[in-house]
Every structure is written in structure tokens, then in C-alpha cells.
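Biologist: I have a two-chain model open and want to learn to read its features. Where do we begin?
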Amino acid sequence: MSILECRDLCITRGQAQVVSDLTLSVRQGEWLAVVGPNGAGKTSLLHAIAGLIPLSGELRLAGQNPATLTRRQYARVVALMPQQPAVPAGMSVRELIALGRTPFLHRFGTESSDDRQAVDTEIIRLGLTELADRPVDQLSGGELQRVILARALVQEPRLLLLDEPTSALDIGHQQTVLELVDQLRRERGITVLAAMHDLTLAAQYADQMLLVERGRLVDSGRPSDVLQSVQLNRTYGARVEVLARDSGPAVIPVRPNRA
Amino acid sequence: MTTTRTAGTVTGTMPSTAPAVVPSAPRRARRALRWVLAVVVLLAALLAGALVGPAGLTPASVLAELANALPGVDIDSGLTTQQQAILWQIRLPRVILGSIVGATLAVSGAAYQGVFRNPLADPYLLGVSAGAGLGATIAITAGGGIGAFGVPAFAFAGGLLAVGATYALGATVGGGRTSTVIILAGVAVAAFFSAIQTFVQQRFDDSLLAVYTWILGRLSTNGWSDIVTIAPYVVLSWVVLLLHRRVLDVLALGDVEAASLGINVPRVRLVLVLTATLGTTAVVSVSGLIGFVGIVVPHAMRLIFGSSYRLLLPLSMLFGAAFLVLTDVAARSLIAPAELPIGVVTALLGAPFFLVVLRRGRAIS
């Protein structure tokens with residue numbers, strides 16, 4: 001069953017159309033990677049799917065028209081892990097994660113014991129027990145990423161949107177975070193839609209890949225089909241080689257005329 | 001601190017039991033202590049406000065007279081009927097009004113800072129002061145025709161009008177989406193209203209002193225009537241703001257993240273701004289423009305108790321009330337029998353106090 005379907009999706013920001021006529025479909029439990037150069041419209045696409053910016057065209061979430069959902073209902077289906085999450089000074093890790101329960105609370109209520117239970121479950125699941133009482137503004141990039149992931153997970157989403165989830169991390173932490181997301185996806189059947197810069201990593205985790213350039217779809221399909229050096233060189237204005245590996249295609253930058 | 005963290009870790013790793021959801025005993029005690037402290041400080045401030053003043057009321061007789069008001073107590077306070085009237089009709093209304101004004105300005109300031117995620121936001125940010133100032137100036141210069149009762153009514157209307165104009169302007173220009181546009185619209189509206197106010201004031205310079213006195217703020221009252229008049233607006237704004245204490249924590253994450261967590265940001269912002277404005281305008285209409293409370297008190301609370309709005313809003317109310325009552329005591333007694341304008345004292349006392357708290361907060365973090 002497809003959790004997300006877009007047909008002829010267009011997004012306009014100010015005067016500029018940043019996404020044009022995009023059609024895509026994601027099945028429940030799949031991992032879809034959205035790749036493309038800077039300014040391709042990846043973040044706009046994620047924000048539009050999260051219902052944060054207006055769009056035209058057709059969008060269906062779990063078969064429903066999202067325009068009929070309230071913000072609160074929406075947040076119970078879709079969770080967004082932002083590229084640069086806000087880090088309110090003095091807020092503790094536990095408090096920040098608990099804000100993910102917002103869509104389940106009464107409008108003016110505070111957390112019930114069930115909500116606190118859900119928060120504690122994720123804290124343990126993501127290995128944050130030691131950090132739970134630390135102020136979030138004193139975390140490292142990798143720790144913060146795990147905290148924000150925990151906050152998205154306590155929303156109990158069916159669709160998890162990741163906006164360049166690993167761009168601030170070193171290679172070890174990149175793998176840790178992506179591995180964690182993939183485990184959770186398998187365990188809970190969460191659908192993952194991730195905008196990513198690292199093509200090799202994207203290929204290792206994604207079932208499907210979408211290559212976009214200036215808001216338009218260039219190619220889509222299995223990562224090994226989409227990641228072709230000619231196509232990447234043209235789209236990114238880059239010089240890369242693509243090596244076939246067991247874990248998927250590896251995209252290597254090349255420098256042909258180094259002295 | 002160390003004990004708390006150790007306790008949490010131990011419970012968290014214990015097999016088969018529910019994870020640590022119950023805060024450890026010392027932390028709960030510390031939480032309770034905040035409220036005890038806040039209430040004690042407020043009660044002490046109220047008492048000081050009732051005890052200090054001219055007219056030769058001794059502390060013992062005032063305490064006896066206050067105790068008399070309790071059911072089942074009957075002590076001879078030794079106060080004459082006139083002295084009783086001074087206590088019940090002049091001093092106490094003034095103390096209560098001071099606490100209401102202080103609580104409202106502080107809680108509105110905290111809410112404004114949260115809604116606009118701007119540490120410099122104060123309750124006057126969107127033009128309340130300029131609008132109320134214009135309204136009061138018009139009422140004062142028009143003189144007897146409008147009367148004393150007219151000044152609060154005109155100030156109230158002027159304040160609401162200015163913020164309404166700000167919001168309408170912000171919505172036309174920026175679709176009401178970004179807080180920056182609304183703040184800038186507030187700057188424009190405030191400048192516009194201030195210009196008209198200055199013009200009116202210059203044209204009718206015989207009422208300059210009265211206008212100036214109003215702008216500097218004062219807490220003198222005519223008995224309980226001011227308090228009764230503003231109570232409905234003030235209480236409504238307190239209730240609505242306190243109900244949004246957790247929502248303000250979510251708003252601290254920014255518009256995008258708050259929306260992705262299920263908050264209808266434009267609607268919540270509108271509700272919060274309108275209620276904070278309603279409360280502020282109501283108190284400004286009877287007290288004039290008392291500056292500094294809306295910025296100093298919430299920030300002092302942040303530095304001492306942390307930045308969660310769940311604590312910040314109620315604690316700002318309690319300490320804001322205490323702060324303004326004590327400030328008023330100082331304003332009444334520093335150059336007694338004359339009085340200093342309370343707005344002067346809030347700044348004179350508030351600025352050094354704020355610097356001390358700021359230094360202390362830095363040292364802690």
C-alpha cells in the first residue's frame with residue numbers, strides 16, 4: 001500500500017517555482033532517497049510533504065487528502081527531522097524529546113504518564129539515558145542528531161522525513177545514525193523519505209531514489225539505475241566515477257589531470 | 001546535581017522495571033522549593049507594601065487590623081476610622097494594583113519573548129505603549145469633558161487600536177507568517193502613533209505635566225474601582241497565557257519545527273499576542289507606562305530557574321507582582337513625603353538587579 005503519492009506536485013516560493021510537476025509514489029516501509037544538487041528543491045519538497053508550505057497538484061497521505069487533516073492529525077502521520085534543528089538554550093534532552101508528544105496531548109495539556117513512558121522508551125532505545133538530563137545546547141552534533149531522531153520517533157509517525165540527516169556528522173556517526181533509522185524502519189514499518197547529499201550512503205540504504213535538478217525530476221528508480229556517472233556528471237556539474245560494489249554503487253569524485 | 005543524575009542512571013539501567021519516569025526526591029524537593037520561595041517573596045512584598053507609608057500607622061496596628069479581617073478574629077488594632085480607611089481604601093488597593101500590574105507586565109513580556117523568539121521583546125513591542133500614550137494624551141488634553149474615567153478608557157482603546165493596526169499591517173505585508181514582519185510593522189505603527197502623540201502634546205502644552213506624569217507611570221488609585229474595572233481583562237489574559245505554557249515551549253523551536261510538531265503557529269501566535277496585549281493594555285490604562293518589568297523579570301527567571309515556559313510564566317507572574325510592589329514601596333519612601341514616578345524606580349532598581357542576575361547566571365553556566 002502506498003503511504004505517499006504525489007501527482008504533478010508544484011511548489012512556489014515567492015515568485016520562483018522550486019518544484020515542478022513532480023510525480024512519485026512511496027510504499028509503506030520503503031526508504032526513498034531524494035538526491036540532487038544544492039537548490040534542487042529537496043528541502044522544499046520535504047516541507048511541502050510535511051504540510052509546512054503550500055503546494056499545488058495532488059498529494060495523498062495514506063490514501064487521505066492532507067488538506068482535510070488538522071496540524072495535530074498531520075503531525076501524528078508525518079514527522080520531520082530538520083536539517084538544522086533548533087537548540088533552545090537550557091532545555092534538557094528529555095524535555096526536547098518530550099515535545100514530540102505534542103500532537104497527542106490535549107491542546108492545553110501536559111504529558112501524561114503514557115507520554116512520559118513513550119519518551120523514556122525512545123531515550124533507552126537510542127542510547128540517550130546518560131544524556132537525558134543534559135542541556136541540549138551542550139551536545140555534540142552526533143548526540144543532537146540522535147535526540148532529534150528520538151523526538152521524531154515519539155511522534156509515532158508512519159512517514160519519517162529526514163532533511164540531510166547526516167550532513168553535520170563524521171563518517172562514523174553518519175553510519176550509526178542511518179543504521180539506527182534503518183533498524184527502526186524494519187522494526188516498525190516506518191516509511192523513510194530522506195534528502196541526502198552523500199550518494200554512496202544514500203544508495204546503501206534506499207530502496208528507491210529520486211534525482212532532482214532545479215525542481216524537476218531527472219530520474220527515478222533503484223539506486224543502481226539512477227546513479228550513472230554520465231547522468232551525475234551532467235546533473236551536478238561534477239566529475240565522478242561510479243563503482244559497482246556489493247553494498248551498492250559507490251560514487252567516487254575523480255580529478256583527471258592532477259599533476 | 002550529581003546525586004540526581006546518578007539516581008536517574010541507576011533506575012534507567014535496572015532490568016525489567018519501568019524506566020526512570022519519577023524524578024528523584026531531591027529534585028522534587030527543589031521544584032517545590034521554587035514555588036514556596038515565590039509565594040513567600042510575594043507575601044513578604046505585599047506585607048511590606050501594606051506596612052510602609054506615611055500617616056503614622058504602626059506595623060503592629062496594621063498587622064492587627066489585617067488579622068481582624070480574617071473570620072473569627074477580633075483584635076483591637078487601635079486604628080482610628082480614618083486610619084482604617086487609609087489602610088483599606090488607599091494602601092491595600094495600591095498594593096494589590098501593583099501586584100496585578102507587575103504580574104501582568106511580567107507574564108506578557110515572557111509570552112511576547114516566546115512568541116517572537118526575541119529576548120528584547122517586551123509587552124510594548126507591538127505599539128501598546130504608543131497607542132495607549134496617544135489615547136491618554138487625547139483624554140488628558142481634552143480635559144474635563146472626558147474626565148478622569150476617560151483616561152483609562154482612551155488609553156485602553158488606543159493600545160488595542162495600535163496593536164490591531166500592527167497585526168493588520170503585518171498580515172497585509174507578510175501574510176502574517178513571519179514574526180519579523182510583525183515586529184517591524186510594530187516599529188512603524190509605534191513611530192506613527194508616537195508622532196501624533198507628540199504633536200497633540202505640543203499643541204496643548206498646558207497639560208504637558210499631566211501627560212508626562214501619566215507616561216512615567218504611577219500606582220495611585222481611587223480605591224478599588226480601577227482594580228474591579230481591569231480585573232476581567234487581566235484575569236482572562238492570565239488564564240489564556242498560562243494555558244499556553246507548554247505551547248510556548250514548542251514555539252521556542254521556531255515556526256517550522258513547531259508546525260511539524262502539530263502546532264497551528266499563526267493561530268497560536270495571534271491568540272497569544274491578543275491576550276498578552278489585552279492584559280497589558282488593561283493595566284497600562286490605569287498605571288501608565290511602567291517600563292522594564294516585562295523584560296527584567298522574565299529574564300531574571302530564566303537565568304535563575306531555566307527557560308521552560310511551564311515554569312517561566314507562573315514564576316514571572318509571582319515575582320513580577322512582588323517586584324512591582326517592592327518598587328512601589330521604594331518609590332513612596334525614598335523621598336517621602338514626595339513620591340518618585342514608579343517607572344523611574346523600576347529602571348533605577350531593575351537595571352542593577354538585572355546586571356547582578358546576569359553575572360550570576362553567567363557564572364553558573
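Modeller: Begin with burial. A residue is buried if 20 or more other C-beta atoms lie within 10 Å of its own, exposed if 12 or fewer, and partly exposed in between. Keep in mind that this is a predicted model.

Biologist: Is Asp21(A) buried, exposed or partly exposed, and why?

Modeller: Asp21(A) is partly exposed, because it has 14 C-beta neighbours inside 10 Å. Asp21(A) sits in strand β2 of chain A, residues 16–27. Its backbone deserves a look as well. The phi of Asp21(A) is near 45°, a positive value in a residue other than glycine.

Biologist: What is the phi of Glu156(A), and where does Glu156(A) lie?

Modeller: Glu156(A) has a positive phi of about 50°, although it is not a glycine. Its place is the loop between α5 (141–153) and β6 (159–163) of chain A. Glu156(A) counts as partly exposed, because 18 other C-beta atoms lie within 10 Å.

Biologist: Now Leu22(A). Is Leu22(A) buried or exposed?

Modeller: Buried, because Leu22(A) has 23 other C-beta atoms within 10 Å. Leu22(A) is part of strand β2 of chain A.

Biologist: Which residues is Leu22(A) in contact with, leaving aside neighbours within four places in sequence?

Modeller: Cys6(A), Leu9(A), Leu45(A) and Leu217(A). Val212(A) is 190 residues from Leu22(A) along the chain, yet their C-alpha atoms are separated by 9.3 Å.

Biologist: On to sheets. What should I look for?

Modeller: Strands of a sheet pair through backbone hydrogen bonds, either parallel or antiparallel. Read the strand order, then the sense of pairing. In chain A, six strands form an open sheet in the order β5-β6-β7-β3-β8-β9, with mixed pairing. The edges are β5 (78–81) and β9 (216–221) of chain A, each pairing on one side only. From one strand to the next, the twist averages 15°.

Biologist: In which sense do β3 and β8 of chain A pair?

Modeller: In the parallel sense, over four bridges, between residues 31–35 of β3(A) and residues 208–213 of β8(A). One place to look is Leu32(A), whose bridge partner in β8(A) is Gln208(A).

Biologist: Which strands does helix α1 of chain A lie across?

Modeller: Helix α1(A), residues 42–49, lies across β3, β5, β6, β7 and β8 of chain A. It runs at about 150° to β7(A). Helix α5(A) also packs on the sheet, touching β5 and β6 of chain A. The direction of α5(A) makes about 170° with that of β5(A).

Biologist: How do I read a helix pair?

Modeller: Two packed helices are described by the angle between their axes and the distance between the axes. Take α13 (293–305) and α14 (309–333) of chain B. They pack at an angle of about 125°, with their axes 9 Å apart. That angle makes α13(B) oblique to α14(B). The crossing is right-handed.

Biologist: Which residues meet there?

Modeller: From α13(B), the residues include Val297(B), Met301(B) and Phe305(B). Among those from α14(B) are Leu312(B), Phe319(B) and Phe323(B). By class, this contact has 11 nonpolar, two polar and one charged residues.

Biologist: Last, the interface. How many residues of each chain are in contact?

Modeller: 27 residues of chain B are in contact with 30 residues of chain A. On the chain B side, α1 (2–13), α10 (245–251) and α11 (255–260) each supply at least two residues. Helix α1(B) gives the most, with six. By class, that side of chain B has 11 nonpolar, 12 polar and four charged residues.

Terms used: Residues are numbered from 1 along each chain as its sequence is written. Chains are lettered from A and ligands numbered from 1 in the order in which they are written. This is a predicted model: local features need pLDDT of at least 70, side-chain atom pairs count only at pLDDT 80 or more; totals for chains, interfaces and linings use all residues. Two residues are in contact if their C-beta atoms, placed from the backbone, lie within 7 Å. Two strands pair if DSSP finds at least two bridges between them. Axes are lines fitted to C-alpha atoms, for helices over the stretch in contact, and angles run from 0 to 180 degrees between N-to-C directions. Ala, Val, Leu, Ile, Met, Phe, Trp, Tyr, Cys and Pro count as nonpolar, Asp, Glu, Lys and Arg as charged, and the others, Gly among them, as polar. Angles under 35 degrees count as roughly parallel, over 145 as roughly antiparallel, 65 to 115 as roughly perpendicular and the rest as oblique. A crossing is left-handed if the near helix is turned anticlockwise from the far one by less than a right angle, and right-handed if clockwise.
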